[in-house]
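User: I would like to learn how to read aromatic pairs in a protein model. Can you take me through them step by step?

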Amino acid sequence: MSRKKSQGPAKPSSRTNATPSPKQPGPAGQSKSKKGTAPAAKKRGTRVRGTPSAAAPAPAPVTPFTPCPPVPTTAEAFRQSTMNNLYRARGQAVQSASHQDVYMALSYTVRDLLIERWRQTTEAQFAANPKFVYYLSAEYLPGKQLAQNLQYTHMEQLARDSLAMHKLDLDRYLDLDVEPGLGNGGLGRLAACFLDSLATLDIPAVGYGIRYEFGIFRQTFEDGWQVEKPDGWLLLGNPWEFIQSDDMVRVGFWGHTEDYVAENGSTRTRWVPSREVYGEPCTTLVPGYGTKTVNILRLWRARATDEFDFQLFDSGDYTRAVDEKVQSETISKVLYPNDANPNGQQLRLKQQYFFVACSLHDILRRFRLKNYDWNLLPEKVAIQLNDTHPVVAIPELMRLLVDIHKLDWDFAWRLTCATMGYTCHTLLPEALEKWPVELFASLLPRHLEIIYEINRRFLDEVWARYPGDTERIARMSIIEEQPVRQIRMAHLATIGSHVVNGVAALQSRLLRELVLKDFADLWPDKFQNKTNGVTPRRFLRLANPSLSHLITSRIGDGWLTDLTELAKLEPYADDPEFQAAWHDVKQQNKRRLAAMLQDTCQVTVNVDSLFDVMVKRLHEYKRQLLKALHIIWLYHRVKANPELPLSPRTFLFGAKAAPGYVAAKRIIKLIHGVAQVINNDPDMHGRLTVVFPPNFNVSMAERIYPAADLSEQISLAGKEASGTGNMKFALNGAITIGTLDGANIEIRERVGAEHFFHFGLDADQVLEVQRLGHDPLSCYEHDTELKATIDAIALGHFSNHDTDVFAPLVESLLTRDEYLLLADFRPYITACETAAYVFQDRSRWTRMSILNAARCGFFSSDRAIREYCDEIWHVQPLPVA
């Protein structure tokens with residue numbers, strides 16, 4: 001007997017969300033005979049410590065395994081392995097193989113080496129039943145895999161020599177390697193760095209996300225405007241993934257909930273979705289460096305439960321015959337669909353729930369392989385929510401535990417809170433996601449009920465602590481009542497996690513003092529800081545092999561796994577011979593980048609100029625517009641005095657703007673307009689150049705970071721969570737010009753204030769200016785050079801005399817100036833000119849460059865992951881014998 005509770009818009013289905021397909025094998029995870037594990041002799045259904053009966057199935061018998069072929073030790077053996085893959089995996093003879101065939105066969109050969117290590121890792125983890133880290137992230141930017149995997153298997157030279165036997169060049173196939181289009185910026189690259197460090201540190205871990213078919217987009221420029229095109233990174237296949245269709249998970253949407261009477265006589269609730277899709281896992285191996293551990297990244301792609309309607313097709317309605325397939329698979333087509341309209345909002349929420357539902361099903365399946373005591377869940381499972389995108393995991397885990405596994409609410413809530421951790425990557429209110437209650441009620445009706453119950457119980461706790469404080473209740477509620485009812489996902493994450501961490505010291509302080517102050521007052525011990533880090537394996541050894549070799553020749557290669565070893569470079573900072581070698585490496589990298597810019601942008605740059613670089617996601621708070629104002633100001637100075645002594649400068653930008661972010665796209669157009677004027681002015685030849693190559697990604701970053709002289713980190717203080725580009729630049733010897741924002745503060749503390757060009761308001765000063773009121777028009781009227789700079793934009797000097805194009809930018813600067821560009825303009829100009837002056841002293845600049853790299857050992861993702869392991873996840877390494 002059941003009673004319908006809530007009804008969605010579509011036809012009901014009898015299936016429950018996130019139930020397995022008939023066959024559910026997969027990677028092991030957890031073992032034997034600790035308290036609560038599942039030895040073969042234990043009866044199913046045994047109740048443990050008062051928890052509900054829920055016995056795990058006995059582990060399947062281990063099938064005898066035939067090891068992979070021996071690891072190649074000669075170029076000939078490597079060649080034979082590649083030839084075998086060419087024939088057996090690609091179905092091609094060597095005489096007819098294309099370069100793509102050779103690339104795929106080569107990649108399969110390297111992957112085979114990782115498979116054997118993965119097998120050993122899986123067996124060790126299954127036997128030990130350790131605690132696992134499960135990292136949930138909407139983005140990953142792992143970069144190209146072939147070069148990294150050759151490095152991690154120590155096969156690069158054998159691969160190069162084996163290809164040379166056929167007069168083929170490895171570099172050609174490194175260029176053919178596919179770059180997964182799974183992220184947009186620092187969030188995705190950080191997630192990839194963390195997975196690399198987890199494996200390198202032998203931590204049992206799985207990453208979960210979405211396998212976006214077309215990534216975020218491939219950026220092109222037409223008349224200076226950004227144009228988004230599909231990123232067909234999967235068009236020719238991806239040799240690094242395993243598609244595991246027999247592990248598919250059914251995920252439901254819409255429908256209704258209903259009460260029913262369970263076998264024990266209690267009244268329970270179930271969700272009856274009206275539509276379902278399959279989540280199909282695609283698994284990529286994640287090797288560690290200097291270890292046998294190989295973890296996995298499991299990405300979900302959406303598949304239709306009914307891909308084809310034969311009756312519609314037979315009647316001639318060919319489009320509707322595949323409509324279900326199209327609708328279902330849209331979920332995993334594109335990262336961050338434009339949510340400026342209701343359909344886009346709905347799709348983004350569907351994406352988030354889809355990958356969370358699939359991932360949690362997989363996590364509980366792995367847990368239940370070796371454990372039947374639910375009390376052990378927090379001892380075996382640590383789930384980290386990378387920003388607010390996966391926060392729907394909290395009500396979903398509660399649904400699984402309460403509705404599917406029949407645990408009581410209080411017990412399930414304790415397990416959920418002890419299992420979840422939340423990393424907050426922003427201070428921007430608009431980036432702390434909120435979803436309309438109406439959308440949740442329609443798309444995820446059971447989850448809304450669970451959120452309401454979480455909120456009710458939480459507000460009871462707040463009321464007991466602060467009786468009568470109705471304003472606090474309104475501020476802390478998960479449900480925002482005005483102007484429309486919305487679910488505050490950051491509040492839900494904070495309430496449902498045992499630890500909340502920021503990603504830089506300043507941001508973590510502002511989280512506690514401003515953004516989540518009420519929660520920090522209630523639970524001060526819940527909040528931590530974990531400053532971000534980057535992997536030196538990719539962003540120094542792979543990206544900058546010449547500098548890597550130079551460093552290793554002096555201090556050995558221990559820095560690859562202990563970045564603090566770079567401190568041993570400090571005594572060389574004043575060594576003229578080492579300075580000369582360091583400078584030569586920088587010039588090599590600048591020539592390499594200049595060649596790429598010539599090919600992609602048809603712009604010639606002066607390799608002896610100061611390479612002044614700003615590459616990052618395009619957002620107004622990051623203040624690419626302030627950089628543009630500086631370039632226009634400098635251009636005016638040179639035009640006014642052509643004989644002005646000037647350090648030649650190359651200004652390099654790289655950035656994508658979100659498709660619906662109109663102001664950001666207009667800033668891109670302005671930078672292109674400035675570039676067109678300056679690069680075509682004979683007076684600027686060899687002195688000032690502006691370049692904006694399209695489609696900034698990891699591969700391009702690996703060219704840019706090693707070549708940069710000056711790293712632009714000029715966000716408004718108090719807006720950038722941390723940044724990781726600032727760390728990658730410094731690690732490669734670029735000197736930072738920046739505000740005291742995000743991790744800039746910690747970089748400056750470590751490299752020394754004298755080796756960092758600081759300017760601008762700090763976070764507290766920004767708050768004070770905003771409290772008192774900022775008058776941008778006054779700044780404009782009292783600074784004649786600033787006025788001339790803005791007037792040039794307004795009068796169409798950089799838009800072919802079209803005064804309408806940039807009018808919204810000018811109006812925003814003069815009436816609001818939300819990010820205080822005009823307040824920081826003059827201090828920024830001074831800092832830029834100081835940097836240009838110091839650059840003329842080659843010895844001084846090179847010394848600063850060496851010390852920046854030498855003192856960046858703290859900013860390793862290995863260090864960050866150790867802190868997470870020790871202070872949040874409480875997990876131990878499990879080396880693979």
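Analyst: What follows is a short walk through some ring pairs in this predicted model.

User: How is a pair of aromatic rings described?

Analyst: Two values are used: the distance of the centres and the angle of the planes.

User: How many aromatic pairs does the structure hold?

Analyst: There are 25 aromatic pairs. One of them joins Phe-221 and Phe-692, with ring centres 5.1 Å apart. Their planes stand at 75 degrees, and an angle over 60 counts as edge-to-face, so this pair is edge-to-face.

User: Where in the chain do Phe-221 and Phe-692 sit?

Analyst: Phe-221 belongs to strand β4 (residues 218-222), while Phe-692 is in the loop between β21 (688-691) and α25 (698-707). They are 471 residues apart, so the pair links distant parts of the chain.

User: Is Phe-692 buried or exposed?

Analyst: Buried means under 20% relative accessible area. Phe-692 has 6%, so it is buried.

User: Which kind of pair do Phe-858 and Phe-859 form?

Analyst: Phe-858 and Phe-859 are edge-to-face, at 5.2 Å centre to centre and 90 degrees between the planes. Phe-858 is partly exposed at 21% relative accessibility, whereas Phe-859 is buried at 1%.

User: What lies over the face of Phe-858?

Analyst: Arg-750 does, at 3.7 Å from the ring centre. Arg-863 also lies over the face of Phe-858, at 3.9 Å from the ring centre.

User: Which residues do ring pairs link into a cluster?

Analyst: Phe-132, Tyr-134, Tyr-208 and Trp-300 are linked in this way.

Key
Residues are numbered from 1 along each chain as its sequence is written. This is a predicted model: local features need pLDDT of at least 70, side-chain atom pairs count only at pLDDT 80 or more; totals for chains, interfaces and linings use all residues. Side-chain values use heavy atoms; hydrogens and water are left out. Rings of Phe, Tyr and Trp (its six-membered ring) pair if their centres lie within 6.5 Å; planes under 30 degrees apart count as stacked, over 60 as edge-to-face and the rest as tilted. Helices (H or I, at least four residues) and strands (E, at least two) are DSSP runs, numbered from the N terminus. Buried means under 20% relative accessible area, exposed over 50%, partly exposed in between (1.4 Å probe, protein chains only). A charge sits over a ring if NZ of Lys or CZ of Arg is within 6 Å of the ring centre and within 35 degrees of the ring normal.
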